[in-house]
Amino acid sequence: QSGKSITAEYLRKKPICKEGPGDLSTDISFISVKKASQHNLRSIDVDIPLNRIVCITGVSGSGKSTLIKDVLYNGLRRLKGKPADNPGSHESICGHEFINDVMMIDQAPIGKTTRSNPVSYVGCFDLIRKLFASHPLSKKRGYTPGTFSFNSGAGRCPTCGGNGFEHIEMQFLSDVYLRCPDCDGLRYRPEILEIKLDIKGDQKSIADVLEMTAEQACDYFSDYRSITSRLQVLKDVGLAYIKLGQPLPTLSAGEAQRLKLAGFLADSSSSGKKGMLFLFDEPTTGLHFSDIEVLMKAFKNLVDSGHSVVIIEHNLDVIGGCDWIIDLGPEGGEGGGQVVFTGSPGQIINCKESYTGAALSGYLSYSEDRLKKGQKVIPQKQFEKSIINIQKAREHNLRNIDLEIPRDTLTVITGVSGSGKSTIAFDILFAEGQRRYLESLNAYARQFVQPASRPDIDSVSGIPPTVAIAQRTSRGGRKSTVATVTEIYHFLRLLFVKTGTRYCPDCRLPIAPKHPDAIVAEILRDFAGRKVAFYAPLVINRKGIYTDLARWAQNKGYSNLRVDSELKPVNKWPVLDRYKEHSIELPAGELKISADNEDDLRELIQKALTFGKGSLIAGTGNSLRLFSTQQSCPRCSRSFGELDPRLFSFNSKHGWCPECFGTGMELIGFDQEQTGEEIWWNDWFEGTEKVCSGCGGKRLNSEALSVLLNGKSISEYTAITVDDAGELFRNISLEKRDAEIAGSIISELLSRLDFLKQVGLGYITLDRAAPTLSGGEAQRIRLAAQLGSNLRGICYILDEPTIGLHARDNRMLLDTLFDLRHKGNTVLVVEHDEETIRRAEHIIDLGPGGGKNGGNLLAQGTIKDIINSKNSITGKYLREPLSHGLFRRSVTDAQWLEIKSANMHNLKDIDIRFPLGKIVCVTGVSGSGKSTLVRDILYHNVKEKLSSGKGPFIGCREITGWDAASRILEVDQRPIGKTPRSCPATYVGFMDEIRKLFARTPEAVMRGYSASRFSFNVEQGRCSACQGQGIKTVEMSFLPDVNITCEECGGNRFNSETLEVRFKGKTISEVLNMNVDEALEFFAAHSSIHNSLKLLQETGLGYLTLGQQSPTLSGGEAQRIKLVTELGKATTPARFRKAGKSANHTIYVLDEPTVGLHMADIDKLILVLHRLVDTGNSVIIIEHNMDVIAEADWIVDLGPEGGAGGGKIVAQGTPQQILKNKKSHTARFLGAFLKSQVTSRK
């Protein structure tokens, strides 16, 4: 109903349907195609009337393009003696004598350079340049038409070569186009722009004319018919709006097609040439109704000028406006290839077999009356909130449960350890999401990647694409850093390539281009009397097969190219490895160097520099030298290639330090063939680590470190924290050109830095090695990367993202998770943290126990639903939090371990006291220096002193009181075993006793089996197929490897003979498949085994199976198993405070032992820690969990912030003393925590 809308005007119009051109048999010539059978064409005969607009229609795949392009176009070209591809299969083409030539006008781009433009394409620019050359000032200065060309000549701007801008390739970012600073984008020298035409009192320079649209130019040059006749054709094909100087590569496909038509119309109008057959392929693509009307007028003009038009088209306005229709079909593919109808648009609407006729008939009936009445507004269907529905889940220990997880919400799955949380999140939801994606791949891709098996469930529906951010994922190898993992380093490398300044590593002078005369002088000096070969570099360390390059060289008259230092013939070009980097040079020639043939030398150098684009390689034998007119040191004449991002990569031979191969460390045995991802350099590495003396830990070679940006190398930019980097890049000062280039790069850098800050990692340095990250830090880094992806409709699955976070940072992380959710994603979190549970929109509580005692759905819903549920263990602890009495062990009579002047990393020369024989908690925000103090200074120094008593203190001036202990042990979360053959039974130590029991059975004695027979580390008893692992690993190409059950032993690990021996009716495999709770009863009569099992149960590990493979254990589970092993040794009575040093006094160092623990499990952990201290030991814990902090006898609080803002003692003392400190973040949250407990009990 709009009166202003052009679209509305065309919608109101009823399309005109032609009745046909009359009797085609009398006065019309045809081109007849006989027996066309290419592809799916069914040996069809087609007659195409000439001097008409003919439309070839049909459903997709019906054979239209095959008929017109493959058969008709190529066939006619061959008949006219023109070069063409082999025509599609047909018997004959008759009537070609009625046309002069055939032209295919498709949508392929026209013009390869930005200097090509519409006014040149239609042949009008020559006329305009002649007009400018005839100007009096032009004649006075001797300007010719060529002066006004920006393709050549002296008139164009020499800086930009007539382009008007500088094109900066930005690799994985959008390329940057910078306006030329000399001509300001006008393409010409200022003197040329002084020439101005004065037409109708309006003065215009050549640059002004190129800025005109076709319509404006027609008005301006209206008195110059030779010019306007060619410009008019642009208007005739609907390009009146296009600027005369617009670069052709910027045109759309539809614009390019119409410009091709305009070019022919301009030529034919001047030459009077007739009898052409034009073939168009969907010319209406991208056109508005009004543009289609203009295009149809242009087609009519072609026909009126004596030409013929054939159009492949689906647009009903075009079909209805044509003179003749040839409809192919009736279906696509094998169901097509037949002529369904030929005739006029008025006739096809009556053809019942034609889909085109039906569509055209419906389109014609869409009348103005219908629009006036208005269409019914269809109300949007109100959908219920979508859910992920899991039916009858039985995977692992799940008890046939049904779950509904609301989408686009933050859902927490909680429950005691082993209750089935990870099974739902990762083994069902993530695995099923991944499996469905893999099954969507085509058969070719699936042959390399077999999808994982379906989880044991009846069904799962409503599942979106899944992304897992788990703790157990590799943190990265020896060459990975925070910057590389987050892609920050990718953008830094690009920034240095585009805006960095190169300096000579030896002379520290900026690199300057070397003049060709200087190259001549250097070669004359250094190679006098020797025969020197000259090569032009064509390809430098790039992947590909380069067949086209060989063909090019052959056409240039060269018989060989030098490929990777070997000459290869171009006429028998070898098959190069497309996935390997190659360097290819053109042999420009050889010459014996002498002052007598300097002219020949100059000619040869110029030839090599021309082909090598400013670079050449010269030398004898293997002694080759690179020369460049672009990059060389003005003092020592050392030449350099162009800056490349690989120069700054320590994963590439082009950039890494040649001594450490990019690791930054002196690792004995590490070489360039290794990636640093190998497990022996990470999880299994036990050697000493020493900073590389070659690069000082900076990982890069001297050439890379000599490129500076604002006076700093790339290693200096990565040596700062995330917070400092954000501040630096927000305030970075760059020159105008560099600022324009760097704009998008800095935007990407700041975005990623902000996301890292959002997840509480502002304190971390960008060059921090990935293997040194904690599990929580590594997970949050991956979370930050996902935040930067801006994906929507994803189900993000996270495994305890709050690990390693102080309560203050925890709130920032939760805000970040809600940001993900607000973007339209589903966030599913496996979590035990109370604040996360309380803020979740939906909670799923599993239990009641772990392992076989778990797998039940106890409760689900809102936090209120969980608290009110009588079945929920989580609800119970939320209602009745752990009780923290006021009793604490006194420190008045304690012996003290004191650290003087701790100054490692960000520690600010602090003095710290630890009371021995107590539970000491070291707290503080992330990055405040806790791990540095406890692990790097306390643990490593005391361990060294207790083992050797020698060596200086590292990271501090002195440590006193350490000799009161007999040993120090770090109970960390590293795996308890390196292979799948290790398990809790072997680590704790009772596996030996179990094997002895089996060896004493009558059957074993009769067979002569010793205890070693029942070990899966010994060849005689274990399964030979899987080497006692029970699984086999299948490599999955570009996806993570998949573990499958061993077919030989069925996962039992032992061979059939060994499994014939039974103890109390159970095989060794069945015993190892028991969980701790079951084994406790089974071995009740065997105290040595029973005692260890009892300790495992008391620490909340009753659900673990005795033979569970160590690599599958979480970090928290591994840590508690280590604690159990220590508890088994801790038998000395509590006499430490009375009798001084205990013979078995151990200082236990723990780093976040609550990781992976439910509130119920934390209760058990606290009892274990108290038992360790009560038996005469000391416990020093790095912890954020308020329940553990509240149980401490002494607290050391570091901060106040992370990174450079940390490293100070904010408070140290008893919990009561800490609570009084107003500066402590820990005190603030601990006070609120204790107060909330009182409120909850009420």
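**Entry 1**

How many bridges pair strand S1 with S2, and is the sense parallel or antiparallel? I looked, keeping in mind that this is a predicted model. S1 covers residues 30–36, and its pairing with S2 is antiparallel over five bridges. One pair I noted down is Val33 with its bridge partner Val46 in S2.

Then I traced the whole sheet. It is an open one of three strands, ordered S2-S1-S4, with antiparallel pairing. S2 (44–49) and S4 (92–94) are the edge strands; each has a single partner strand, so one side of each has no neighbour in the sheet. From one strand to the next, the twist averages 10°. I also found helix H3 (residues 64–79) packed on this sheet, where it touches S1, S2 and S4. The direction of H3 makes about 115° with that of S1.

S31 spans residues 896–902 and is joined to S32 by five bridges, with the two strands running antiparallel. I wrote down Ala902, whose bridge partner in S32 is Ile910.

**Entry 1: helix H14**

I wanted to know which residues of H14 are buried. In this helix (residues 355–364), I found Thr356, Gly357, Leu360 and Leu364 buried. They sit on the same side of H14, because the arc they cover around the axis is only 95°.

What do those buried residues pack against? I listed strand S3 (53–58), helix H12 (316–321), strand S12 (324–329) and helix H13 (345–348). I checked the start of H14 too: a side-chain oxygen of Ser354 comes to within 3.2 Å of the backbone nitrogen of Thr356.

**Entry 2: cysteines**

How many disulfides are there? I got zero. I then looked at two cysteines to see why. For Cys657, the closest cysteine sulfur is that of Cys660 at 3.9 Å, which is too far for a bond. The cut-off I used is 2.5 Å between the sulfur atoms. Cys657 is buried, at a relative accessible area of 3%. For Cys983, the closest cysteine sulfur is in Cys1026, 14 Å away, so that is too far for a bond as well. Cys983 counts as buried, with 0% relative accessibility.

**Entry 3: Thr1001**

Is Thr1001 buried or exposed? It is in the loop between helix H34 (991–999) and helix H35 (1002–1007), and at 7% relative accessibility I put Thr1001 down as buried. Its side chain reaches the backbone oxygen of Phe998 at 2.7 Å. Leaving out residues up to four places away in sequence, Thr1001 touches Val1061, Arg1062 and Phe1063.

I looked at two cis peptide bonds. One joins Gly329 and Pro330, with omega about 0°; Pro330 is in the loop between S12 and strand S13 (338–343). Another runs from Gly1199 to Pro1200, with omega near 5°, and Pro1200 is in the loop between strand S40 (1194–1199) and strand S41 (1208–1213).

Asp184 has phi near 55° and is in the loop between strand S7 (176–179) and strand S8 (197–199). With 48% relative accessibility, Asp184 counts as partly exposed. His396 has phi near 55° and lies in the loop between strand S14 (387–393) and strand S15 (401–406). At 55% relative accessibility, His396 counts as exposed.

**Entry 4: the chain as a whole**

The protein chain has 44 helices and 41 strands, and its C-alpha trace spans about 120 × 85 × 70 Å along the principal axes. Of its 1242 residues, 52% are buried. Of the contacts between residues at least 6 apart in sequence, 69% join residues at least 24 apart.

Definitions and conventions:
Residues are numbered from 1 along each chain as its sequence is written. This is a predicted model: local features need pLDDT of at least 70, side-chain atom pairs count only at pLDDT 80 or more; totals for chains, interfaces and linings use all residues. Side-chain values use heavy atoms; hydrogens and water are left out. Two strands pair if DSSP finds at least two bridges between them. Helices (H or I, at least four residues) and strands (E, at least two) are DSSP runs, numbered from the N terminus. Buried means under 20% relative accessible area, exposed over 50%, partly exposed in between (1.4 Å probe, protein chains only). The arc is that of the directions from the helix axis to the C-beta atoms. Contact means heavy atoms within 4.5 Å. A polar contact is a pair of N or O atoms within 3.5 Å; within protein, one must be able to donate a hydrogen and the other to accept it, and residues adjacent in sequence count only if both atoms are side-chain atoms. Axes are lines fitted to C-alpha atoms, for helices over the stretch in contact, and angles run from 0 to 180 degrees between N-to-C directions.
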